Amino acid sequence: MGSVDIPREQWATRIGFIFAAVGSAVGLGNIWRFPFQVGQEGGAAFLLVYLLFIILIGFPAMLVEFVVGRYTERNPVGALKEVGSGAWAYIGWIFVATGFVILSYYSVVAGWTIRYTLLGLQDGYLADAAEAEGQFVELASGLDAILFHALFMAVVITIVAYGIQRGIELAVKVMVPAIIVITVGMAAYAFTLDGASEAYAYYLSPEFSVIAAEWTSILPAAAGQAFFTLSLGMGVMITYASYLGEDRNLAEDGAIVIGFDTAIAFITGLIVFPILFTAGVDPADPGAGAIFVSLAAAFGDLTLGWLIGTIFFGTVAIAALSSAISLMEVVVSYIIDERGVDRSRAAIGIGSGMFLLGIPSAYDLVLLDLFDLFADQILLVLGGLLLTVLVGWLSSDLAVRELERGIGDLGSIGTAWIWAVRVPVVLALLAALYLGVLEYIEFLQEGFLPWLDEQ
Ligand code: PHE
């Protein structure tokens, strides 16, 4: 069919692009995944390594995606055909496939956050941990989960169908400031709780002996989290930067996006840990069910907990929405650019497909893990790895020239950036991929196959 001739869409304002990128970055990764990773990986020690990796790995990798997007002004598939030759041209396909799979179950989890927002307004949260867990198991899978998954996906489709300026840009200009104001307000509230000082000590004073003893698990976990939370490795930042159309200082934009994302993750810790400590929950315990079980039970315990909980889960739902639209936009931009389909039809078609693919994840938690671990720890890391090898080792001149557009001559800073991409970023992703594959095999043997036998 070929490309269409209508001019490509662009962001209306600089702040629109920045908010869209912040909205994508700030999501379940910050509010749900980050605190439980801190809890599992040793508290403040993990936080320290994570912050280091955001700067050392996340920042250079984000600039890679920005330059590829702005240089090509295409969707990830088209962009990679332009930047890479031969087999490299297919990296874009990995991105589109990853986006498709991730949003299918991300929408299921986002559906839970809507369900839990309503729960506070209906009967409140259950204070007893075992009961809270039972409630989560009931709500997380089955008809309820499928309904809220459908509702969430319908909202995502609607925003994306309205396009870059009237859909995504307008939505993030409301959502991102709301997320910032509410999280700061909740952290101030959490400061007044009894468990606050104990929580701060745990969260903020690193024990270096923990890093020394556990670095084999802390380092890959921190690298993976840095990539996931910044929405890297699946073409989101390529897609968003492709709508820039003007020469701006991409390094500055990237630093702002990273600053906001990191601040929100950090502040979430200042909310979650005081609440957990006040309710007497060991932060190492909760695991992936953290916010829906332990935190929900803590809300059940607190005075006015139903209100605090409703605000908290509502904010998580908004954060998930602003990330989900970026995931859908990756796939939709491909359909529009390369297939000439109009935007609304593309959004409805893709969204329906993602909804169907998400049904197994809403049916059983084991299937959600099956999709999540594969997309998150293998596909996403693989796409990121191939892209950084391509840009860092094979197309570095082009990349530096593109970064200099809007900044001016970078001199040795450009070289330093390329070497950061070539070595630390590539090594971190290689290690993460290796561990991700091992973990997936373990999950298949110990989680999925036994589950399949039972069916
Ligand atoms: N960055 C998002 C979060 O932290 C997740 C995400 C990953 C979104 C990849 C888009 C692409 O929740």
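**Entry 1: the α8 and α12 pair.** I began with α8 and α12, and found that α8 passes α12 in a left-handed crossing. The model I am reading is predicted. Helix α8 covers residues 163-191 and helix α12 covers residues 250-278; I noted an angle of about 35 degrees between them, with the axes 9 Å apart. I then listed who meets whom. From α8 the list holds Ile179, Thr183, Val184, Met186, Ala187 and Ala190, and from α12 it holds Ile264, Ile267, Thr268, Leu270, Ile271, Pro274 and Ile275. Sorted by class, this contact has 11 nonpolar residues, two polar ones and no charged ones.

**Entry 2: confidence.** I looked up the pLDDT values next. The chain has a mean of 92, and 97% of its residues reach 70 or more.

**Entry 3: two residues with positive phi.** Most residues other than glycine have a negative phi.

Serine 231 has a phi near 60 degrees. I found serine 231 in the loop between α10 and α11. Is serine 231 buried or exposed? I counted 28 other C-beta atoms within 10 Å of serine 231, so it is buried, the cut-off being 20 or more.

Leucine 304 has a phi near 55 degrees. Its place is the loop between α13 (291-301) and α14 (305-339). Leucine 304 counts as exposed because it has 9 C-beta neighbours inside 10 Å, and the limit for exposed is 12 or fewer.

**Entry 4: helix α13.** How many residues of α13 are buried? I found 10 of the 11, so α13 is largely enclosed by the rest of the structure. The buried ones are Ile291, Phe292, Val293, Ser294, Leu295, Ala296, Ala297, Ala298, Phe299 and Gly300. I checked what they pack against: α2 (28-40), α5 (91-122), α6, α12 and α14.

**Entry 5: the largest nonpolar core.** This core has 165 residues, and the members touching the most others are Tyr106, Val156, Ala222, Ala324 and Met328. Helix α14 gives the most to the core, with 19 residues. I followed one of the five, alanine 222. Leaving aside neighbours within four places in sequence, I found alanine 222 in contact with Phe46, Val49, Tyr50 and Phe53.

**Entry 6: two glycines.** Glycine 42 is found in the loop between α2 and α3 (44-72). I counted 23 other C-beta atoms within 10 Å of glycine 42, so it is buried. Which residues is glycine 42 in contact with, leaving aside neighbours within four places in sequence? I noted Val210, Glu214 and Ile218. I also looked up a distance to tyrosine 203, which is 161 residues from glycine 42 along the chain: their C-alpha atoms are separated by 9.2 Å.

Glycine 134 lies in helix α6 (residues 129-140). With 13 C-beta neighbours inside 10 Å, I put glycine 134 down as partly exposed.

How values were computed. Residues are numbered from 1 along each chain as its sequence is written. This is a predicted model: local features need pLDDT of at least 70, side-chain atom pairs count only at pLDDT 80 or more; totals for chains, interfaces and linings use all residues. pLDDT is the predictor's confidence in each residue, from 0 to 100. Axes are lines fitted to C-alpha atoms, for helices over the stretch in contact, and angles run from 0 to 180 degrees between N-to-C directions. Helices (H or I, at least four residues) and strands (E, at least two) are DSSP runs, numbered from the N terminus. A crossing is left-handed if the near helix is turned anticlockwise from the far one by less than a right angle, and right-handed if clockwise. Two residues are in contact if their C-beta atoms, placed from the backbone, lie within 7 Å. Ala, Val, Leu, Ile, Met, Phe, Trp, Tyr, Cys and Pro count as nonpolar, Asp, Glu, Lys and Arg as charged, and the others, Gly among them, as polar. A nonpolar core is a set of buried Ala, Val, Leu, Ile, Met, Phe, Trp, Tyr and Cys residues joined through C-beta atoms within 7 Å.
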